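Reader: Could you walk me through this structure, beginning with the terms you rely on?
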Amino acid sequence: MDYIHHYKSPIGNITLASDGECLTGLWFECQKYFGDTLSKNYVQKEIPIFEQADKWLTIYFSGKEPNFTPPLHMKTTPFRKAVWEILLTIPYGQTITYGEIADSIAKQKGIKKMSARAVGSAVGHNSISLIIPCHRVIGKNGNLTGYAGGIDKKKKLLAMEKIDMSTFFIPKKGTAL
């Protein structure tokens with residue numbers, strides 16, 4: 001059984017999902033891949049994990065770095081999980097490129113090279129947005145590429161973390177990561 005909960009953030013409504021113990025989803029309303037980890041059998045219910053997630057979100061949207069992470073259950077493939085675990089290491093107020101993540105994954109796997117596009121797909125399918133900070137991933141040369149919640153939200157989240165937005169730009173569609 002899955003459970004859902006709603007949170008009203010300053011930049012849009014959020015739906016959270018849980019298996020009863022851990023957070024399994026966090027999506028902005030109408031986000032790409034919305035609800036992709038939810039089973040067809042779910043109910044809206046207030047449970048302790050949602051209280052923890054709400055506290056995290058309230059701290060985050062107040063412009064501060066939360067000093068805890070609610071328990072997470074990443075319902076995904078091993079490759080995506082490896083990428084998402086790297087995302088969890090990106091410090092608040094900092095960014096990393098898809099290429100840097102690809103290099104890290106290649107090193108973990110003991111291979112010469114990993115596709116930044118494959119990493120981009122894994123980042124884009126992150127089902128626990130914000131807490132797993134996929135908004136902190138940028139393209140090469142500072143491109144503000146992709147964000148399942150929308151580039152406008154990505155820009156607001158990065159600005160909220162006091163990241164200097166003057167060094168970024170939004171590339172035209174089809175530009176490489």
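Author: Buried means under 20% relative accessible area, exposed means over 50%, and partly exposed lies in between, using a 1.4 Å probe and protein chains only. This is a predicted model, in which local features need pLDDT of at least 70 and side-chain atom pairs count only at pLDDT 80 or more, while totals for chains, interfaces and linings use all residues. Residues are numbered from 1 along each chain as its sequence is written, and side-chain values use heavy atoms, with hydrogens and water left out.

Reader: Thanks. Are Tyr60 and Phe61 buried or exposed?
Author: Both Tyr60 and Phe61 are buried, and for Phe61 the relative accessibility is 13%.

Reader: Ok, and what kind of aromatic pair do Tyr60 and Phe61 form?
Author: Their pair is edge-to-face, at 5.4 Å centre to centre with 80 degrees between the planes. Rings of Phe, Tyr and Trp (its six-membered ring) pair if their centres lie within 6.5 Å, and planes under 30 degrees apart count as stacked, over 60 as edge-to-face and the rest as tilted.

Reader: How many aromatic pairs are there in the whole structure?
Author: A search of the whole structure finds 5. One of them joins Tyr7 and Phe61, and this pair is stacked, with 6.4 Å centre to centre and 20 degrees between the planes. Because Tyr7 lies in strand S1 and Phe61 in helix H1, the pair ties together parts that are 54 residues apart in sequence. Helices (H or I, at least four residues) and strands (E, at least two) are DSSP runs, numbered from the N terminus. Tyr7, Trp56, Tyr60, Phe61 and Tyr92 form one aromatic cluster.

Reader: Switching to the core, which residues touch the most other members of the largest one?
Author: Phe61 and Leu130 do, in a nonpolar core of 43 residues. Such a core is a set of buried Ala, Val, Leu, Ile, Met, Phe, Trp, Tyr and Cys residues joined through side-chain atoms within 4.5 Å. H1 gives the largest share, 7 residues.

Reader: What about Asp2, where does that one lie?
Author: Asp2 lies in strand S1, and Asp2 counts as buried because its relative accessible area is 4%. Leaving aside neighbours within four places in sequence, Asp2 is in contact (heavy atoms within 4.5 Å) with residues including Ser18, Thr37, Tyr42 and Lys75.

Reader: Last one, which residues of H2 are buried?
Author: Ala82, Val83, Trp84, Ile86 and Leu87 are buried in H2, and what covers the buried residues of H2 includes H3, H4 and strand S6 (137–138).
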